[in-house]
Amino acid sequence: MIEVKDVYFTYPNGVEALSGVSLSIRDGEFIAIMGQNGAGKTTLVKHINGLLKPTKGEVSVDGVSTQKVSVAKLSRKVGFVFQNPDHQLFCETVEDEVAFALQNFGFKEQLIKKRVTWALSLLNLTQYRQSSPFMLSGGERKRVALASVLAWNPDVVILDEPTIGQDYQQKEKLRQFIVQLNTQGKTVIIVTHDVEFVAECNPHVILMAQGKIMAEGGAKETLTNRSLVTQAFIVPPQISQIFFELSDLKLPTNVIDVYDARKVLLDRLEVSS
Amino acid sequence: MSVFDGFKFRKVYSPIHQLDPRVKFFYILVMFAIAIMFNQLLPLILLFFIQLPFVFVAGIQREWARSLRGALFFAIMIFLFNFVFQYFWTEYPLPPSSSLLEYSIAMTLRFIVLVESFSMFFLTTSPDHLGLALEQSHVPYEFCFAFTTAVRFVPVLAEEAQTIMDAQKARGLELERGNFIKKVRNYIPILIPLIVSAIRRSLELAEAMESRAWGATEKRTNLYVLEMERGDYILILISVLILIFAVYVWIFHREQIPLLTNFLAPLELTVTKMS
């Protein structure tokens, strides 16, 4: 359970990035935080693992205020995968990279080996175990970064812009993987601009603008709400756009993915035939 | 970061900012030379105060003071080393007298004068002007460009270092843990990604520039050209006069520069009498 209570945050250079954000995330929820650049998305999630401490207000994870514990301690519970894998890879082999956090958390040598094997196979990286992370492709580096966080099995996984720089197939794999994590009971929070990705994942969506939460709700309600989407400077998924354009035909406009669209269109065809 | 803040240029205008960077550089070279020439306290104190008018005319007191505060740690180290080593480890150990104290203070002040003039130079000279000055001093353009780019990328790298630190902290890295050697080792996970990404970035920058025809023309011309003005000639005159005076004193009266403790001697005498 993550609770954010009326949080304000001002960066040292005087920019107020969060102005009064309140939010509660239950265990096992799947959340997507969206909004234009500078809306405060990344600032907000950095509060959850304690990298940033609120200027005013309180953030608590499982009832413990983030003010009172170190980032290292919180990270045990909250895994944070950064946007750019190059900001964290530094070891000689992929194996060492994945083991780094486990060593920091003081896992036993035996357990580290087991966990590394598990995390590598989870992300299809077993064949790269002894390779240098710097020699891998962009998508593979991203997966190494992800494996290095999932290895310690945190209860909450935060992914900052997971889809950037991934080709369509990788994205689809990533989507399945994230959904799988969520069904296994992990709380998953993604920060993203990628509406199509969100539409297919179907999480609980939080729209942010100018350091405030503008709206939250199911992916379907929020992403097909025209005025909301415009206010948050988001372009709705293409499928929804088509149904906006077809509103003259009296078709429903809250269509968000291909399966929905198929159903709606089939219904209409049956009625007319 | 406070040390570096003292060397970061901010865009403001003052007579000092307008001066030609070459002239300013000549001036600080003179200051350097004099600071190295003398190891007595009196001339170094004079040297310290000569620079203050520049700082106040430029209106950079706060940043300048911050750079001095940043240098405080090193200043204290220099003072202690001089004092302790002169006392214990020289062939003819000086007794811990007031003259030893004066010598150590002079050495510390020499360092402070160097930092002070360097900081004054960088606080009042924009990186662009500096590049221009190098170029007009017939330094090859490639070097000038590399220099200005390096200066300009410092804040970018600082920001990146912060992100990397965050990313590694999120993987359980505790920078402050362990003894001194462990603490130094803790920085490896931050330095390696920083260096790797800096190299990657520079390669990308090189490609981007070459694809925009960098270096296509043999003879480059500049939109802005540095020209010497009245203020520049005045500063050169002042610097040369100071230099001549200093060299004169150094050659003919080096031995006669009084120790400040000599002025205090009568005082000391009265103190010992009283006790």
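B:Glu160 is found in helix α9 of chain B, in a model that is predicted. With a relative accessible area of 10%, B:Glu160 is buried, since a residue counts as buried when this value is under 20%. If its neighbours within four places in sequence are left aside, B:Glu160 is in contact with B:Leu194, B:Ser197 and B:Arg201, and also with A:His87 of the other chain.

One of these contacts is a salt bridge, for B:Glu160 pairs with B:Arg201, and the closest N and O atoms of the two are 2.4 Å apart. Because B:Glu160 lies in α9 (residues 141–169) of chain B and B:Arg201 in α11 of chain B, the pair ties together parts that are 41 residues apart in sequence. B:Arg201 counts as partly exposed, at 27% relative accessibility, whereas B:Glu160 is buried.

**Helix α11 of chain B**

An α-helix has 3.6 residues a turn, so residues three or four places apart point the same way.

Of the 275 residues of chain B, 33% count as buried. When the contacts in chain B with a separation of 6 or more are considered, residues 24 or more positions apart account for 77% of them.

**Salt bridges within and between the chains**

Side chains of opposite charge can pair when their charged atoms come close. Over all chains, the structure holds 15 salt bridges, and the count between chain A and chain B is three. Four of the pairs are set out here with the distance between nitrogen and oxygen.

| Salt bridge | N to O distance |
|---|---|
| B:Glu160 and B:Arg201 | 2.4 Å |
| B:Arg200 and A:Asp86 | 2.9 Å |
| A:Arg129 and A:Glu95 | 2.9 Å |
| A:Lys46 and B:Asp166 | 3.5 Å |

B:Arg200 forms a salt bridge with A:Asp86. Because B:Arg200 lies in α11 (residues 188–210) of chain B, while A:Asp86 lies in the loop between β6 (78–81) and α3 of chain A, this pair joins two chains. B:Arg200 is partly exposed, with a relative accessible area of 26%, whereas A:Asp86 counts as buried at 13% relative accessibility.

Within chain A, A:Arg129 forms a salt bridge with A:Glu95. This pair links distant parts of the chain, for A:Arg129 is in the loop between α4 (109–122) and α5 of chain A and A:Glu95 is in helix α3 of chain A, 34 residues apart. Both A:Arg129 and A:Glu95 are buried.

**Where chain A meets chain B**

How many residues of each chain take part in the contact between chain A and chain B? On the side of chain A there are 23 residues, and these are in contact with 19 residues of chain B. The size of an interface is often given as the accessible area lost when the parts come together. Chain A and chain B bury about 1,800 Å² between them, with 61% of this area on carbon and sulfur atoms. A:His87, A:Phe90 and A:Asn104 supply 32% of the area that chain A buries against chain B, which is more than any other three residues supply.

Polar contacts also cross this interface, where eight residue pairs are found, with both residues at pLDDT 80 or more. The elements that give two or more residues to the side of chain A that touches chain B are α2 (71–75), α3 (94–104) and α5 (138–150) of chain A. Among these, α3(A) gives the most to that side, with four residues. The residues of the side of chain A that touches chain B divide into twelve nonpolar, seven polar and four charged.

Technical notes: Residues are numbered from 1 along each chain as its sequence is written. Chains are lettered from A and ligands numbered from 1 in the order in which they are written. This is a predicted model: local features need pLDDT of at least 70, side-chain atom pairs count only at pLDDT 80 or more; totals for chains, interfaces and linings use all residues. Side-chain values use heavy atoms; hydrogens and water are left out. Contact means heavy atoms within 4.5 Å. Buried area is the accessible area (1.4 Å probe) that two parts lose on being put together, summed over both. A salt bridge is a side-chain nitrogen of Lys or Arg within 4 Å of a carboxyl oxygen of Asp or Glu. A polar contact is a pair of N or O atoms within 3.5 Å; within protein, one must be able to donate a hydrogen and the other to accept it, and residues adjacent in sequence count only if both atoms are side-chain atoms. Ala, Val, Leu, Ile, Met, Phe, Trp, Tyr, Cys and Pro count as nonpolar, Asp, Glu, Lys and Arg as charged, and the others, Gly among them, as polar. Buried means under 20% relative accessible area, exposed over 50%, partly exposed in between (1.4 Å probe, protein chains only).
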